[in-house]
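Please walk me through this protein model in questions and answers.

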Amino acid sequence: MGDGGRQPHPALHHRLSSAALPAGRHLVQRRRPASSVYKCGHRHGGRRGLRHFAGRAQGARSAVYAARLRTRDGVQEHSAFVYVEDASAVVVGGPASPLALQVSDVNKDYVFLAWQPPSADGGSPVEGYYVERRDLRRGEWVRCNERIRGACQCPMFGLQEGTVYQFRVCAVNRAGAGRPSKATEPVLAADPLRHTRTTVVKVDRGRTVTVTKDQLEGQIRAPFPPTNVLACEVSDTYVVLSWTEPEPRGREPLTFYVERSQAGKSSWELANLDTEVNSPRFPVFDLAKGKQYRFRVRSVNKYGVSDPSEPSAPVSLGKPQAAPAPPHSVVAVRDTHTSVLLQWQEPKEKDDILGYYLYYSESGHQDWKTVNNKPINKSRFTVHGLKNRKEYVFRLKSVSRAGNSNYSDESQPVLVKSAISVPSAPSAIALLLCTGAEMVLGWRAPACNGGDPVRGYYLDQMEKGASSWREVNVKPAKERLFEVCNLTSGHLYQFRVFAANMAGVGEPSEASEAFLCEKWTMPEPGCPYDVQFREVGNGSLVLLWAPPMYEGRSPVTGYFLEISQGDQSDNWTALNEGPICDTHYKVSGLQTGQTYRLRVLAVNEAGVGRASLPTEPVTAESRPGAKNIEIGVDNDGFIFLGYEADETDDESKFLWNKNYTEPIDAKRAQAETKKDGSVLTFTDPSEEDLGLYTVELSDSPNHSSSYDFTAEGKLTARRSENLIDLKSGWQVEVSDQGDVRLWLQTESLSDAAELRLIFNDREITGTPHRKINFDKDKGLLEILFDQLCRQDEGSYTAQLKDGRAKNQFTLVFGNNVLCSLLSQGPYFQEYLAWTISEDCELIIKCKVNFYHQLLSSNSKRCEKKKKSTSKSKLAALFQGTRVIISMICFFWIEICNPTENDKGKYILKMFDGKETRERHLDLSGQAFADQWVTFSNRARVTKGLPDVVAIMEGKSLCLTCFVDGEPAPEVTWLRNDKEIAKHTQFDITKEPRCSTITINNVTMADSGKYSISVRNQFGAETVDVTVSVYKHGEEPPACAVEMGFYA
């Protein structure tokens, strides 16, 4: 090998939809010694695939991306579909962005736009579109249409020649307008045929002269008429006319008059009354449906108007373009562990269909997501990025310029799982025992079972030196262990193994080394086999193995483990100093993320035997989504171990064992498979059931976990099994109104919990007099009495049952319970508190509760209110002739016009004959000071306005009002709640603490409500006065204050 023996770097090419993918403004290629990355810059969109491309949505780069690696051994290619999704909607429920906006037929003042409808409608159908344009010189986006357009195409007219424009489109549904589409590339409004009228002539010495066709046409004054008038675009709302400019055209700039006439009539009218037409295109929007029209065009220049052109053929509006039919017969087929192949039948009428949008949802969820933002124009597509072993359904829409179709019928649910194929080749064939005529072989299972469990193995053998293989077994071997018989002692043999499943027989393994057929007699044991990993996590794993088939001269007494870091290193290090007696071992202290290989050696009295074959390389890190076994108690009170796996299907089986190898006794525990998991329920747990329990998936041993079921866990579970825990025992409460409430609270109960309420050995239910509430979630039981009577005395027992858990609680409710309330004496129910009233009065108040009993035969509820500085409310609870009264008293102090001298410490004392209780209130704190400033400085009216005033018609009325506040308040006068504007009839004067309004020459119309409103930063106040105007000779209202003087 030249160049110092170094290998040349392989050639790596990136491709987009079978075309080479160049680096550019949006795509940057970065190559490293062992990898290559294409980074996508700013694009409209991003979803998932080979790599996640993020950005604003548009879908222009949704395509198959491939990396092709060319080496000496050939070409390898890996590809993935990269999806580009929309950004979040501008409004909730709004549609996504329209796609693939294109500009065509560019002229001086006209262009034609076409686009594709959005893939996501936000939950309601797209009703139409807004078109926006931007003059690059101004930079502002301007909406072109006031009413939404229904179809995905439209003409744009009225552009300025020589101006560069950009266009974009927004979809609109019931929720509003969505995000705009990606703007078009800049477009210059110009004559597209200008280059055809220009000729470049070469002259001497390399010089050129540009000659225009106009210069060669001579002095043409009155223009000729246009020709070939026809309708180039017809829809149900407009017709676009086109024609050919006159020939010769002349030097002077041309414009055009467009005329129309209903077919069969001789009269013509101008179609472009207010619009100048500068190019041979003109859209007509105001045509009547069902009628035919003819059009003709005249050329116009500064010298005059031409004769009309020949009329066009009759033209009418087209039929409304209907949305296409949806595809049908949608079929989803398993592909890989993260993808599904989707196939469908196209509609019969498919000429106008641009492609199809695809949608998916997990089965039973109805949470639909968009697969593609670029219509797919085929009838099959592979949907990537799905979750392994999850069930999905799919549906589609047809896409056309008229909009999207309805959804197709959903496909049948499909489980995401690799499609069934033949398994890969087994590996690591090892000789486990030789008797001289028989050999026992073992091997490692295929790395991939092809999506179906391996059903058996086939072996071939070949003597060393032979040229052909010979079958060993016709009937498949069920285990990865097989005894080959009828061998010749002293001969060398090679073997190979095939794995088979429902799809067929896979490729053979590599040939084993040549094994010598010679009886084993060595004193040391043979090699352990079937070395496997379980519970691989961050820094740890569990290693399992099978004992050697050959023990040697004495039984195996233990095992040694060796570890090698890396995937190919032969530097082995011992893991344990003394031998391990079990055939499983948890290896800890590994470096998270590091790769290791392990092997096992058996030992007996003679020494250490042969090492097992090394394991496959394993990385010491937790699998994403890995779950652990959890212990719990079900609704029936049984202890269970539960395990959830995120990659299961109908063929998956959960294998439970004790200490990794011992089967579970069906009499002691039952395993049940549930959705995405399994539960092992113990029948009657005892000390015999303690130990290490393990579980794994039959078709994915990497999904495994273990749980050490200890006596402590068992006893904790058993306590939960038998008894409902009590949070608070029976309590008795009496409300301010005298209602009595009995209640207790337990731990949270399930919806299946049951209650039996026993009163004096009889089950009771709720009545209008005695209401019973039972909140299972809170574990709260309460009995509410609106008024107690003698018949309510007795024993109340609540019997609760929740699964196998149960408990009961009893209260003896009688005279002694109520009397115990009396011993509490009076007590404060509230702290001393202060407020400032609207009238700036300082109020200090407190609430006191106490019980009192007296003799009475009256069974009615009584209430009493005191006048003075306290209020009391008494509610009676009756027990025969004994009345127990719950009395609520309110004490307060009112301080009118408080000053600084009223600040200080206030104390309220209460003496019940035995002890004194106190409440304290300090009115000198900062909070009081701040509140006092607010109320004392707020704007207010101090005096000046009566409630009603009377004034005789023809007189003048003067109202004066005094105000206060710091800072000085703003004053506003109002009449019938509307501010009085400056007027000759009203004179308003405003001074810092006073304001006057004068109404000159009062009339009957001046009657009404007048108000003065004052306001500053601390508050506001409004005072009203009613003005009543009466005529000369009438009597003023009796309740009014008579005012006024002659002007």
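Q: Which loop holds Asp-109?
A: Helices (H or I, at least four residues) and strands (E, at least two) are DSSP runs, numbered from the N terminus. The model is predicted: local features need pLDDT of at least 70, side-chain atom pairs count only at pLDDT 80 or more, and totals for chains, interfaces and linings use all residues. Residues are numbered from 1 along each chain as its sequence is written, and side-chain values use heavy atoms, with hydrogens and water left out. Asp-109 sits in the loop between strand E7 (99-104) and strand E8 (110-116).

Q: What is the nearest side chain of opposite charge to Asp-109?
A: Lys and Arg count as positive and Asp and Glu as negative, while His and the chain ends are not counted. A salt bridge needs a side-chain nitrogen of Lys or Arg within 4 Å of a carboxyl oxygen of Asp or Glu. Asp-109 is buried (under 20% relative accessible area; exposed is over 50%, partly exposed in between; 1.4 Å probe, protein chains only), yet has no salt bridge. The nearest opposite charge is 8.2 Å away, on Lys-108.

Q: Which residues does Asp-109 contact, leaving aside its neighbours within four places in sequence?
A: Contact means heavy atoms within 4.5 Å. The partners include Met-156, Phe-157, Gly-158 and Leu-159. Also among them are Glu-276, Val-277, Asn-278 and Ser-279.

Q: How many salt bridges are there?
A: Side chains of opposite charge can pair when their charged atoms come close. Under the 4 Å rule, the count is 27.

Q: How many residues apart in sequence are the parts that Asp-121 and Lys-397 tie together?
A: Their side chains meet in a salt bridge at 3.1 Å, N to O. Asp-121 lies in the loop between E8 and strand E9 (128-135), and Lys-397 in strand E29 (residues 391-400), so the pair ties together parts whose separation is 276 residues.

Q: Are Asp-121 and Lys-397 buried or exposed?
A: Asp-121 has 14% relative accessibility, so this residue counts as buried. Lys-397 has a relative accessible area of 5%, so Lys-397 is also buried.

Q: Which residue meets Lys-302 in a salt bridge?
A: The N to O distance is 3.8 Å. Lys-302 is exposed, at 61% relative accessibility.

Q: Where does Glu-616, the salt-bridge partner of Arg-444, lie?
A: The two side chains meet at 3.1 Å, N to O. Arg-444 lies in strand E33 (residues 439-444), and the pair ties together parts that are 172 residues apart in sequence. Glu-616 lies in the loop between strand E46 (607-611) and strand E47 (618-619).

Q: Why is the pair of Trp-115 and Tyr-129 edge-to-face?
A: Rings of Phe, Tyr and Trp (its six-membered ring) pair if their centres lie within 6.5 Å; planes under 30 degrees apart count as stacked, over 60 as edge-to-face and the rest as tilted. The structure holds 22 aromatic pairs. Here the centres are 5.4 Å apart, and the pair is edge-to-face because the planes stand at 70°.

Q: Which residue lies over the face of Tyr-407?
A: A charge sits over a ring if NZ of Lys or CZ of Arg is within 6 Å of the ring centre and within 35 degrees of the ring normal. Tyr-407 is partly exposed, with a relative accessible area of 31%. The residue over its face, at 3.5 Å from the ring centre, is Arg-395.

Q: Which residue is joined to Glu-247 by a cis peptide bond?
A: Most peptide bonds are trans. This one is cis, with omega about 0°.

Q: What is the phi of Tyr-660?
A: Most residues other than glycine have a negative phi. Tyr-660 lies in the loop between strand E50 (654-658) and strand E51 (662-663). At 13% relative accessibility, Tyr-660 counts as buried. Its phi is positive, near 70°.

Q: How many strands does the protein have?
A: Buried residues make up 41% of the 1047 residues. There are four helices, and the strands number 80.
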